[in-house]
Amino acid sequence: MASYEVEHDIPSAPPRNHSDRPRRPDLSTFFSALEHVDTSGEQRAHHNNYAIPAPGDISAVFRTLAEALEVMREGNENDVVQTMLDSLTAQAERPPKEVQGVSQSFLDSK
């Protein structure tokens with residue numbers, strides 16, 4: 001009995017080599033973490049208007065983005081990407097205590 005490809009005259013395709021394409025990271029974890037710490041806009045995940053994201057959550061956002069950049073960098077030595085990775089790693093080690101907002105003078109001017 002012949003195979004499906006032979007019966008239907010489908011040419012056999014050479015096997016694909018996935019290593020020739022650069023890997024694309026899955027950024028769903030990054031966007032989920034970013035949505036968790038984002039305090040701007042009306043779609044806030046929490047109900048306390050004075051709540052601020054935890055420093056560990058902010059570090060997680062920086063680390064997941066750094067991991068995605070590391071996946072994209074594999075095979076390509078690029079100084080710009082390395083600089084971004086170093087910056088993200090440094091920010092993840094020292095997250096801000098709170099997310100910065102606007103100054104009081106901005107609020108008073110309205």
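Helix H2 (residues 28-37) has three buried residues, Phe-30, Ala-33 and Val-37; buried means under 20% relative accessible area, exposed over 50%, and partly exposed in between, with a 1.4 Å probe and protein chains only. Viewed down the axis of H2, these buried residues fall within an arc of 70°, so they line one face of the helix. The arc is that of the directions from the helix axis to the C-beta atoms. An α-helix has 3.6 residues a turn, so residues three or four places apart point the same way. Helices (H or I, at least four residues) are DSSP runs, numbered from the N terminus.

This is a predicted model: local features need pLDDT of at least 70, side-chain atom pairs count only at pLDDT 80 or more, and totals for chains, interfaces and linings use all residues. Residues are numbered from 1 along each chain as its sequence is written, and side-chain values use heavy atoms, with hydrogens and water left out.

Helix H3 (55-73) is among what covers the buried residues of H2, where contact means heavy atoms within 4.5 Å. Phe-30, Ala-33 and Val-37 also belong to the largest nonpolar core, which has 12 residues. Such a core is a set of buried Ala, Val, Leu, Ile, Met, Phe, Trp, Tyr and Cys residues joined through side-chain atoms within 4.5 Å. H2, H3 and helix H4 (79-93) each give two or more residues to this core, and H3 supplies the largest share, 5 residues.

Two loop residues remain. Asp-9, in the loop between helix H1 (4-7) and H2, has a positive phi of about 55° although it is not a glycine. Asp-9 is exposed, at 70% relative accessible area. Arg-94, in the loop between H4 and helix H5 (104-108), is also exposed, at 58%.
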